[in-house]
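Welcome, and thanks for taking a look at this one. Here is a short briefing to read alongside the sequence and the 3D view.

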Amino acid sequence: MKKLLVTVVFIVAALGAAAQLLWEIRKDGALPSYLLGTCHYVDVDYVDSIPGLDYAFAGCDTLYTEIGLPDISEVQSVMSDYGMKLGKIPPLGTQLSEATAVALREYIINVEGGDSSLIDNDIRRMNMFHFIKKYPSTSVLSSAQNNVQVEIAMDLGLAQIAALCGKVNKALESLEYQYDTYCSFIAENMELYVRDMIEGNFEAERIRIVDNYKKGNLDKLYSEIERYKGLPYMEDLINVRNRAWADTLAPSLDRGGVLIAVGTGHLPGDSGLIALFRERGFTVEPVGVSQ
């Protein structure tokens with residue numbers, strides 16, 4: 001499932017040959033604003049290579065990111081609550097097909113070893129949250145982390161830089177709301193998560209996402225996110241949040257001088273931020289790309 005979160009929340013989508021990561025937002029009588037697609041698997045240092053971003057950042061007095069710059073106590077509180085909610089997900093035995101449960105058992109034996117009857121019993125009685133604690137090889141992090149190391153993710157790093165520069169940093173949603181949405185998505189898509197983990201997709205996909213993000217292979221990344229349309233809570237993860245953000249941002253964009261940095265998967269499509277801003281009367285064009 002976290003493969004889905006990886007794909008859905010942190011990838012780039014296609015908007016034709018002119019598509020790119022940084023977009024200018026204009027309206028008559030207002031200062032220009034900018035929309036930046038980020039990737040949580042890319043270090044903040046990468047922003048230096050995005051054409052026009054230095055100019056855009058300097059010209060904006062307000063930065064909007066998905067969750068702003070939460071303090072440590074808030075993160076600890078939300079993560080604790082997140083763990084409790086994940087702990088209430090039903091046992092794997094009620095969520096997985098028999099074939100997937102057998103494949104999960106064989107995967108664990110191959111990676112960690114262990115007794116097959118004991119593993120079968122754990123699958124029947126434990127949910128994924130507790131199962132990962134006992135069998136670390138089933139964690140998305142152990143599957144995807146190996147070859148992609150990030151010290152400070154782009155959005156968090158930009159928020160820190162904005163604070164140091166005296167810019168206003170605002171959150172588009174609470175950390176609690178974001179994690180609650182993720183919890184619901186995880187709980188409703190467990191079969192797919194486990195299959196992807198067993199088949200070794202996490203690490204390869206994470207590397208592929210970073211590669212395509214940096215190369216600007218937007219069509220390829222868009223086709224990946226399209227595969228998951230119709231999954232439970234998919235609408236909540238992308239389109240519902242996009243519409244809420246567009247409503248929140250419109251008054252600030254009327255004034256201008258705003259930089260919006262969110263996961264690139266939120267930019268494209270009929271319900272993406274680019275389309276939603278255009279519906280509200282703004283001109284939205286890629287920076288530095290001829291039309």
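This is a predicted model: local features need pLDDT of at least 70, side-chain atom pairs count only at pLDDT 80 or more; totals for chains, interfaces and linings use all residues.

Helices (H or I, at least four residues) and strands (E, at least two) are DSSP runs here, and they are numbered from the N terminus. The points below go from the whole chain to one helix pair and then to single residues.

**The chain as a whole**
- The secondary structure of the chain comprises 14 helices and six strands.
- Of the 291 residues in the chain, 51% are buried.
- If you take the contacts between residues at least 6 apart in sequence, 82% of them join residues at least 24 apart.

- Average pLDDT for the chain is 83, and 86% of the residues score at least 70.

**Helices H4 and H10**
- Helix H4 (residues 98–111) and helix H10 (residues 190–198) have axes that come within 10 Å and cross at roughly 40 degrees.
- The crossing of this pair, H4 and H10, is left-handed.
- On the H4 side, the residues that meet H10 are Ala-99, Thr-100, Ala-103, Leu-104 and Tyr-107. Their partners in H10 are Glu-191, Val-194, Arg-195, Met-197 and Ile-198.
- Sorted by class, the contact of H4 with H10 holds seven nonpolar, one polar and two charged residues.

- Thr-138 sits in the loop between helix H6 (128–134) and helix H7 (140–144).
- Is Thr-138 buried or exposed? Its relative accessibility is 0%, so Thr-138 counts as buried.
- The Thr-138 side chain reaches the backbone oxygen of Tyr-135 at 2.7 Å.
- Neighbours within four places in sequence aside, Thr-138 is in contact with Leu-104, Tyr-107, Ile-108, Met-128, Phe-131, Ile-132, Tyr-193 and Met-197.
- Leu-92 is likewise buried, with a relative accessible area of 0%.
- Which residues touch Leu-92, leaving aside neighbours within four places in sequence? They are Leu-104, Ile-123, Met-126, Asn-127, Met-128, Phe-131 and Met-190.
- Leu-92 and Asn-127 are 35 residues apart along the chain, with 5.0 Å between their C-alpha atoms.

- Gln-178 belongs to helix H9 (residues 175–188).
- The relative accessible area of Gln-178 is 7%, under the 20% cut-off, so this residue is buried.
- The side chains of Gln-178 and Glu-173 are joined by a polar contact of 2.9 Å.
- Beyond neighbours within four places in sequence, Gln-178 is in contact with Glu-66, Ile-67, Glu-173 and Arg-241.

- Gly-52 is in the loop between strand S2 (33–38) and helix H2 (53–58).
- With a relative accessibility of 33%, Gly-52 counts as partly exposed.
- From C-alpha to C-alpha, Gly-52 and Gly-288 are 7.2 Å apart in space, although 236 residues separate them in sequence.
- Setting aside neighbours within four places in sequence, Gly-52 is in contact with Leu-22 and Val-287.
- Tyr-233 is found in the loop between helix H12 (218–226) and helix H13 (234–255).
- At a relative accessible area of 34%, Tyr-233 is partly exposed.
- For the backbone of Tyr-233, note the phi near 70 degrees, which is a positive value in a residue other than glycine.

Notes:
Residues are numbered from 1 along each chain as its sequence is written. Side-chain values use heavy atoms; hydrogens and water are left out. Axes are lines fitted to C-alpha atoms, for helices over the stretch in contact, and angles run from 0 to 180 degrees between N-to-C directions. A crossing is left-handed if the near helix is turned anticlockwise from the far one by less than a right angle, and right-handed if clockwise. Contact means heavy atoms within 4.5 Å. Ala, Val, Leu, Ile, Met, Phe, Trp, Tyr, Cys and Pro count as nonpolar, Asp, Glu, Lys and Arg as charged, and the others, Gly among them, as polar. pLDDT is the predictor's confidence in each residue, from 0 to 100. Buried means under 20% relative accessible area, exposed over 50%, partly exposed in between (1.4 Å probe, protein chains only). A polar contact is a pair of N or O atoms within 3.5 Å; within protein, one must be able to donate a hydrogen and the other to accept it, and residues adjacent in sequence count only if both atoms are side-chain atoms.
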